[in-house]
Amino acid sequence: MTRIQQTLFQVLRGTSDANIRFGDLRKLLEGFGFDERIKGSHHIFTQAGIADILNLQPKGSKAKAYQVKQVRQLINKYKLAGRLYEED
């Protein structure tokens, strides 16, 4: 299992939202094909075909728990989880 797949599992499980590394969350979104724009501490993720925009900020080296929840909701809403496993 790759690091991105481990992060996906952690995000979807939802039991440790406060313990997900911000860098891993960024890599996960990049793995889904999101484009990243950085303005100060804000990392803004967009993708063609997805109306939702994710605006994430790190809390130290970790991602903020409520933002991990937003990522989980987006993954479920657009059924993105299968994309990572199709590429293997």
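How are H1 and H2 oriented to each other? In this predicted model, the axes of the two helices come within 9 Å and cross at roughly 105°. Angles of 65 to 115 degrees count as roughly perpendicular, and H1 and H2 are therefore roughly perpendicular to each other. On the H1 side, the contact is made by Arg3, Ile4, Thr7, Leu8 and Val11. On the H2 side, Asp24, Leu25, Lys27 and Leu28 take part. By type, the residues of this contact divide into five nonpolar, one polar and three charged.

Two of the charged residues in the contact of H1 with H2, Arg3 and Asp24, also form a salt bridge, in which the closest N and O atoms are 2.7 Å apart. This pair links distant parts of the chain, since Arg3 lies in helix H1 and Asp24 in helix H2, 21 residues apart. Asp24 has a relative accessibility of 13% and counts as buried, because buried means under 20%. A second salt bridge joins Asp24 to Arg21, with the closest N and O atoms 3.7 Å apart. Arg21, with a relative accessible area of 44%, is partly exposed.

The structure holds six salt bridges. Another of them is formed by Arg26 and Glu36, whose closest N and O atoms are 2.8 Å apart. Arg26 is partly exposed at 26% relative accessibility, and Glu36 is partly exposed with a relative accessible area of 26%. In general, side chains of opposite charge can pair when their charged atoms come close.

The nonpolar residues were examined next. In soluble globular proteins, nonpolar side chains tend to be buried together. The largest nonpolar core of the model has 20 residues. Those that touch the most other members are Val11, Leu25, Leu28, Phe32, Phe34, Val71 and Ile75. Helix H1 (3-13), helix H2 (22-31), strand E3 (50-56) and helix H3 (65-77) each supply at least two residues of this core. Val11, Leu25 and Leu28 also belong to the contact between H1 and H2.

Phe34 is one of the core residues that touch the most other members. Leaving aside its neighbours within four places in sequence, Phe34 is in contact with Leu29, Phe45, Thr46, Gln47, Ile50, Leu74 and Leu80.

Terms used. Residues are numbered from 1 along each chain as its sequence is written. This is a predicted model: local features need pLDDT of at least 70, side-chain atom pairs count only at pLDDT 80 or more; totals for chains, interfaces and linings use all residues. Side-chain values use heavy atoms; hydrogens and water are left out. A nonpolar core is a set of buried Ala, Val, Leu, Ile, Met, Phe, Trp, Tyr and Cys residues joined through side-chain atoms within 4.5 Å. Buried means under 20% relative accessible area, exposed over 50%, partly exposed in between (1.4 Å probe, protein chains only). Helices (H or I, at least four residues) and strands (E, at least two) are DSSP runs, numbered from the N terminus. Contact means heavy atoms within 4.5 Å. A salt bridge is a side-chain nitrogen of Lys or Arg within 4 Å of a carboxyl oxygen of Asp or Glu. Axes are lines fitted to C-alpha atoms, for helices over the stretch in contact, and angles run from 0 to 180 degrees between N-to-C directions. Angles under 35 degrees count as roughly parallel, over 145 as roughly antiparallel, 65 to 115 as roughly perpendicular and the rest as oblique. Ala, Val, Leu, Ile, Met, Phe, Trp, Tyr, Cys and Pro count as nonpolar, Asp, Glu, Lys and Arg as charged, and the others, Gly among them, as polar.
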